[in-house]
Amino acid sequence: MQCAPHVTLNGSAPLRRPVGHSNQNMDVIVIGGGIAGVATAYQLRAAGHRVCVVERHATVAQGATYGHGGTVLPTPLDVWFGPTFMASRQNARNGVISKTGFTGPARQFVKQLATLQDPEAFSRQYGRLRPLIELSRETMADVEARFGLEFEQTSGLLYLVRSTQEWEQTQPALELLRQNEVPHHVLTPAECSAFEHSVRAEPEFAGGVLFDQERTANSPLFAKLLKQTLDTQGGVQFMLGCEVSAIRLEGQRASVELAPRPGASSRSREVDVIHADAVVVAAGHGSLALLDPLGLRLPLHPLRLHTLVAPIAHEECAPHLAIVDAVKRIAISRMNHRLRIAGGAVLQSAAQIDKPLGEALTKEALALLGQATHDWIPGAARISAALPWEGVKLLSPDGLPVIGNALHPRLFVNLGHGPAGWGLACGAGKLIADLMSAQTPDMPADTLAALRADRF
Ligand SMILES: Cc1cc2nc3c(=O)[nH]c(=O)nc-3n(C[C@H](O)[C@H](O)[C@H](O)COP(=O)(O)OP(=O)(O)OC[C@H]3O[C@@H](n4cnc5c(N)ncnc54)[C@H](O)[C@@H]3O)c2cc1C
């Protein structure tokens with residue numbers, strides 16, 4: 001097995017520090033090479049720790065991170081809770097195809113999320129998330145300035161709302177924008193069309209919200225560039241093509257077991273173990289299978305999301321801003337001569353998530369993406385020639401990610417970012433690094449408590 005000098009397998013030369021060490025310069029294993037894992041590795045390294053990222057794919061950013069819709073940081077209109085989220089029972093209206101049945105955990109999960117449709121509950125919960133959004137904005141700006149990274153950053157998002165009733169439901173989000181002084185402009189349909197020529201004012205719609213300072217950017221590209229930077233700087237080792245099969249927590253030790261590689265001979269099939277001072281689980285949807293056996297049962301739910309990457313059909317109809325269907329949460333962003341259309345969520349029982357979705361449901365989900373594109377920017381995309389993709393992300397029943405220490409002093413988690421893991425990964429990584437380095441995070445206590453794994 002390929003590995004850098006400071007990691008030795010089968011336990012012969014542990015990566016850990018002596019018992020009783022200070023929290024400085026620890027050896028840390030990060031499980032998962034998505035945006036959360038890579039951003040965490042960067043922040044841990046910046047805090048002086050040595051890091052080993054274990055990723056089962058041959059390269060980073062192959063999970064949910066690959067299929068991102070582009071939106072970097074969430075506004076109150078993006079979060080997957082609140083008055084507009086699944087407010088209608090009709091799939092075609094709310095943008096989420098719900099196949100939860102009438103009983104069982106998935107149904108329960110939806111009910112819990114629905115409690116946040118109440119405007120006050122929504123406002124309270126967004127208030128807890130906001131410090132993480134701002135920390136993420138700062139940490140990402142710092143990385144960009146330090147390394148001059150170019151990852152297809154584009155400013156400007158236009159959120160569009162169809163009906164008067166949906167516009168009413170959007171008002172608590174607009175109130176939060178005002179309260180938090182988030183720069184935005186509320187536009188009439190005619191103003192939307194005047195600003196973004198590809199949006200037609202007919203047929204009638206309720207209005208739009210323009211964020212000229214918020215951005216879209218390429219999440220997998222950022223993850224790859226950050227990895228390259230870490231490769232050059234040293235101090236972070238990437239073990240690619242390695243799957244963690246189990247985590248061991250023993251007193252002052254934290255270790256991970258690696259699954260035998262497919263095709264390994266029976267002699268070499270003995271379990272490889274890496275020891276460290278601490279482990280961070282940032283394995284996206286794969287996290288639950290690693291945490292369950294330790295007794296950490298998080299009530300997160302996997303959600304399948306789709307993307308279509310379509311060639312531009314008529315340049316004069318193509319948008320120059322990213323367009324978001326605010327209620328269906330479908331984002332359409334431009335990448336050179338293509339449009340990336342992301343959304344089409346399918347909510348089903350967790351037991352179904354590793355099975356293929358089936359042709360009919362896939363068609364239904366992709367049809368939502370095609371229809372939204374046609375409705376808002378007719379003639380812009382050649383949907384018939386679009387390439388589909390699907391990925392799974394974890395959503396929590398209270399809409400917030402799970403970040404921090406959990407269950408054992410040597411175990412940390414960074415997961416469940418739901419639809420907003422792209423930009424939040426930078427702040428979440430900083431938070432993990434601060435907590436692990438015994439630094440007081442620059443974040444209110446109620447946000448820290450709202451992100452902890454033991455809140456459920
Ligand atoms: C279609 C789609 C559109 C989206 N649009 C946006 C958007 O516009 N804006 C936004 O902010 N967010 C968006 N998201 C959400 C965002 O992509 C995710 O929140 C984010 O990528 C999660 O990153 P992650 O690193 O936690 O997970 P992942 O990217 O899934 O990474 C987890 C990694 O862990 C690895 N892994 C899992 N188990 C193991 C194991 N046992 N051993 C070793 N490795 C393991 C996996 O291979 C994977 O590479 C979107 C998601 C999807 C699917």
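**Figure 1. The lining of the largest cavity has nine nonpolar, three polar and no charged residues.** The model shown here and in the other views is predicted. The structure holds three cavities of 30 Å³ or more. This view shows the largest cavity, with a volume of about 70 Å³. Its lining draws on several stretches of the chain. V79, W80 and F81 are part of it. L129 is another lining residue. G399, L400 and P401 also line the cavity.

**Figure 2. Helices α4 and α10 cross at roughly 90 degrees.** Helix α4 covers residues 119–147, and helix α10 covers residues 421–436. Their axes come within 7 Å. An angle from 65 to 115 degrees counts as roughly perpendicular. The two helices are therefore roughly perpendicular to each other. From α4, the contact is made by L129, L132, I133, L135, S136, T139 and M140. From α10, W422, G423, L424, C426, G427, A428 and K430 take part. By class, this contact has nine nonpolar, four polar and one charged residues.

Figure 3. The pocket is lined by 19 residues. M86, R89, S98, R107 and V110 lie nearest its centre. Helix α3 gives the most, with five residues. By class, the lining has eight nonpolar, seven polar and four charged residues.

**Figure 4. Six strands form an open sheet with mixed pairing.** Strands of a sheet pair through backbone hydrogen bonds, either parallel or antiparallel. Here the strand order is β7-β2-β1-β11-β18-β17. The edge strands are β7 (236–240) and β17 (402–406). Each of these edge strands pairs on one side only. Neighbouring strands are turned by 20 degrees against each other on average, direction ignored. Look at one pair in detail. Strand β2 (residues 50–55) and β7 pair in the parallel sense over five bridges. In this pair, V51 stands opposite V236 of β7.

**Figure 5. Three strands form an open antiparallel sheet.** The order is β8-β9-β10. Strands β8 (244–250) and β10 (272–276) stand at the edges. Each has a single partner strand, so one side of each is left without a neighbour in the sheet. From one strand to the next, the twist averages 20 degrees. Strand β8 pairs with β9 (residues 253–258) in the antiparallel sense over six bridges. I247 stands opposite V256 in β9.

**Figure 6. The peptide bond from E202 to P203 is cis.** Omega of this bond is near -5 degrees. Find P203 in the loop between α6 (189–195) and β6 (207–216).

**Figure 7. R329 has a positive phi, although R329 is not glycine.** The phi value is near 50 degrees. R329 is found in the loop between β13 (322–325) and β14 (330–335).

Terms used. Residues numbered from 1 in each chain as written. Predicted model: local features only at pLDDT ≥ 70, side-chain atom pairs only at ≥ 80, totals over all residues. Heavy atoms only, no water. 1 Å grid on protein atoms, 1.4 Å probe; cavity = no way out; pocket = protein on both sides within 12 Å on 5 of 7 lines; lining within 4 Å. Helix = DSSP H or I, 4+ residues; strand = E, 2+ residues; numbered from the N terminus. Nonpolar A, V, L, I, M, F, W, Y, C, P; charged D, E, K, R; others polar. Axes fitted to C-alpha atoms, helices over the stretch in contact; angles between N-to-C directions. Parallel < 35°, antiparallel > 145°, perpendicular 65-115°, else oblique. Contact = heavy atoms within 4.5 Å. Pairing = 2+ DSSP bridges. Points joined across faces, edges and corners; volume = space filled by probe spheres on them.
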